[in-house]
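This report covers the nonpolar core and the salt bridges of one protein model. The sequence and structure come first.

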Amino acid sequence: MMTNIALLSFKRTVTLLLTCLLCGCASMMGLDNDPSRVAGMPDYRVGDRWVYHVEDGYRQPVVWRETHEITSIDASGITVHITRQGEYVNDERTEIWRQPVLVAQGALMSGETRYFDPPLERFRFPMRAGDSWSQRLKADLGEKRGGSPDIKVDVVGWEKMSSPIGEVDALFMFVHTLFDDDEFWRWATHGTYQIWYAPSINNIVYAKKYAGYIEKTDRRSAIEVPVQHETVRLIAYTRRGDEKK
């Protein structure tokens, strides 16, 4: 049986190899990894609004529309109201950013709310190709339980992406998350996310999110159980005082 330590080592080795391949093959992928190109600190405004088309699943994915809107900015931080609406999904939650880069209340996986102390560094500005950072988070899931998920981010390079406001330059990021949800019968969930952040819209323009876990078994090999297979695509963007859709 694969031990927990061996499993974590294996996952991190695979992640490192994938990241090295992505970074080493950036030019082959059509990515610009020029470190002189910088994504600066975003300037958010109350009323800024992003609408995404989201699909999660394989043969018959669950589909919903997800709206993120900044509802207030004050000395305590930035408040973002998030709603999900679809045939099988209908909920809402609130994120609180102490600064544009520091998430005090928010999600690591869709539909959840965690409280981070110290805050989660979802992005790190100024941001450029070749940047990387990691965090051992202290996260509270409210009534459920707390935990210490691990997150590792590698910023690979720039790519042209289509969007509702036309073609935009986006930084491609590879995000690996090891969650804190292991049980007596399963190892912790690990997430492998591909994120495209576009400075011209101050947010993500496209994302692919995969997460899964492996059951604890005496077999030499175990099949990973998927819990997330999600694509996120921006379909509308409104900038307060400069409407763009």
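## Arg49 and Glu69

Arg49 is partly exposed, at a relative accessible area of 33%. Here buried means under 20% relative accessible area, exposed over 50%, and partly exposed in between, with a 1.4 Å probe and protein chains only. Glu69, at 30%, is partly exposed. The two side chains form a salt bridge with an N to O distance of 3.8 Å; the term requires a side-chain nitrogen of Lys or Arg within 4 Å of a carboxyl oxygen of Asp or Glu. Because Arg49 sits in strand E1 (residues 49–56) and Glu69 in strand E2 (residues 62–74), the pair ties together parts that are 20 residues apart in sequence. Strands (E, at least two residues) and helices (H or I, at least four) are DSSP runs, numbered from the N terminus.

## Basis of the values

The model is predicted: local features need pLDDT of at least 70 and side-chain atom pairs count only at pLDDT 80 or more, while totals for chains, interfaces and linings use all residues. Residues are numbered from 1 along each chain as its sequence is written, and side-chain values use heavy atoms, with hydrogens and water left out.

## Other salt bridges

The structure holds 15 salt bridges. Side chains of opposite charge can pair when their charged atoms come close. One of the bridges joins Arg114 and Asp180, at 3.3 Å from N to O. Arg114 belongs to strand E6 (residues 114–121) and Asp180 to the loop between E11 and strand E12 (190–198), so that distant parts of the chain, 66 residues apart, are linked. Arg114 is buried at 4% relative accessible area, and Asp180 is also buried, at 10%.

Salt bridges with shared partners connect Asp32, Arg37, Lys160 and Asp169 in one network. Within this group, the closest N and O atoms of Asp32 and Arg37 are 3.0 Å apart. Asp32 is partly exposed at 29%, and Arg37 is partly exposed at 27%.

## Nonpolar core

A nonpolar core is a set of buried Ala, Val, Leu, Ile, Met, Phe, Trp, Tyr and Cys residues joined through side-chain atoms within 4.5 Å. The largest one has 52 residues, and Trp50, Met127, Met173 and Val205 have the most contacts inside it. Strand E11 (residues 168–178) gives the most to this core, with seven residues.

Apart from neighbours within four places in sequence, Met127 is in contact (heavy atoms within 4.5 Å) with Arg37, Val38, Ala39, Trp133, Val155, Leu171, Met173 and Tyr197.
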